[in-house]
Amino acid sequence: MARVASNPVGLHRFRPCFQVAQLPQHARTSLHFRNEHRRFPTVSCQQTPDPTETSTTEKSIVEPGSGNDSSSQATSSSRDSGPPEFPNKNTNKQVALVSTLAALALFLSGRLDFGVSLKDLSVAALPYEEALSNGKPTVVEFYADWCEVCKELAPDVYKVEQQYKGRVNFVMLNVDNTKWEQELDEFGVEGIPHFAFLDKKGNEEGNVVGRLPEKYLLENVDALARGEASIPHARVVGQFSSAEARKVHQVADPRSHG
């Protein structure tokens, strides 16, 4: 006991250590404030969610939907840009009708030449006497207005005539005209149409009679135009009308070749 009382300085030195543990009021207030400040975010995050996080979550939820919309739009656009549709039945019918009309028009133009008749050929034909004197080869056709085969072949004759116009004479002699009785006997006309092919001097190189393909007439006329010594089809007979059925009549104008 006496030793402790005699040493008061040692106890005084130890006491400040206990006093340091008790911080001043303003320090404790500051420390308490700091602790509350540190604990505040933790409490607030658990009880009240941050609005920014909610918006972020909402955005992340919306984005897949927008992706689906874009993908669906891409799908619809890919469907829209698919292969073109085939024509419907009405379109096919229209195309078929136009094709049929075009084929019919081509056929008629080839066979009828839009109305070429025997009368047209007769008016355009060269007079027989002139043809024999102009130094050109000549094709003489014996025909009749009532001859059906003659009418049918008129377009073919017209086309060949137009092709060799100016190089070969084309003459039309109507068998119903008594003026040509001598020529009928000279060329031995028994059926019509009868085509006689004459060289530049008026000598007959051959003849074809009746309905025959156009190439027979075309090849013979071509041989005449080139001055060949003979024609490829010198004596060919097809379906014809008999010259005995001719209706003999006298023509007022003796110069007429019809």
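A polar contact is a pair of N or O atoms within 3.5 Å; within protein, one atom must be able to donate a hydrogen and the other to accept it, and residues adjacent in sequence count only if both atoms are side-chain atoms. The model shown in these views is predicted, so local features need pLDDT of at least 70 and side-chain atom pairs count only at pLDDT 80 or more, while totals for chains, interfaces and linings use all residues. Residues are numbered from 1 along each chain as its sequence is written, and side-chain values use heavy atoms, with hydrogens and water left out.

View 1. Asn 169 lies in strand E2; helices (H or I, at least four residues) and strands (E, at least two) are DSSP runs, numbered from the N terminus. The side chain of Asn 169 forms a polar contact of 3.1 Å with the side chain of Thr 138. Asn 169 counts as buried because its relative accessibility is 5%; buried means under 20% relative accessible area, exposed over 50%, and partly exposed in between, with a 1.4 Å probe and protein chains only. When residues up to four places away in sequence are not counted, Asn 169 touches Leu 126, Ala 131, Asn 134, Lys 136, Pro 137, Thr 138 and Val 139. Here a contact means heavy atoms within 4.5 Å.

**View 2. The two faces of strand E2.** In a regular strand the side chains alternate between the two faces of the sheet. In E2, Asn 169, Val 171 and Leu 173 are on one side, Phe 170, Met 172 and Asn 174 are on the other, and all are buried. Because six of the six residues of E2 are buried, this strand is largely enclosed by the rest of the structure. Asn 174, which is found in E2, is buried with a relative accessible area of 5%. The side chain of Asn 174 reaches the backbone nitrogen of Asp 176 at 3.0 Å.

View 3. Five strands form an open sheet in the order E2-E1-E4-E5-E6, and the pairing is mixed. Two strands pair if DSSP finds at least two bridges between them. E2 and strand E6 (235-237) stand at the edges; each has a single partner strand, so one side of each is left without a neighbour in the sheet. From one strand to the next, the twist averages 15°. E1 and E2 pair in the parallel sense over six bridges, and the bridge partner of Glu 141 in E2 is Met 172. Strand E5 (residues 204-209) and E6 also pair in the parallel sense, over three bridges, and Val 208 has Val 236 as its bridge partner in E6.

**View 4. Helix H10 against the sheet, and the residue Val 221.** H10 lies across E1, E2, E4, E5 and E6 and runs at about 15° to E4. Axes are lines fitted to C-alpha atoms, for helices over the stretch in contact, and angles run from 0 to 180 degrees between N-to-C directions. Leaving out residues up to four places away in sequence, Val 221 touches Val 139, Val 160, Tyr 164, Val 168, Phe 170 and Phe 197.

**View 5. The largest nonpolar core.** A nonpolar core is a set of buried Ala, Val, Leu, Ile, Met, Phe, Trp, Tyr and Cys residues joined through side-chain atoms within 4.5 Å. The largest one has 42 residues, of which Val 139, Val 140, Phe 142, Ile 192, Phe 195, Phe 197 and Val 221 touch the most other members. The elements that each supply at least two residues of this core include strand E1 (138-143), helix H8 (148-163), strand E4 (194-198) and helix H10 (214-225). H8 gives the most, with six residues.

**View 6. Lys 151 in helix H8.** Lys 151 is found in helix H8 and is partly exposed, with a relative accessible area of 40%. Lys 151 touches Leu 118 and Asp 145, not counting residues up to four places away in sequence. The side chain of Lys 151 reaches the backbone oxygen of Asp 145 at 3.4 Å. Lys 151 and Val 116 are 35 residues apart in sequence, and their C-alpha atoms are 9.0 Å apart in space.

**View 7. Two cysteines.** Cys 147 counts as buried at 0% relative accessibility, and Cys 150 is buried with a relative accessible area of 1%. The structure holds zero disulfides, a disulfide being a pair of cysteine sulfur atoms within 2.5 Å.
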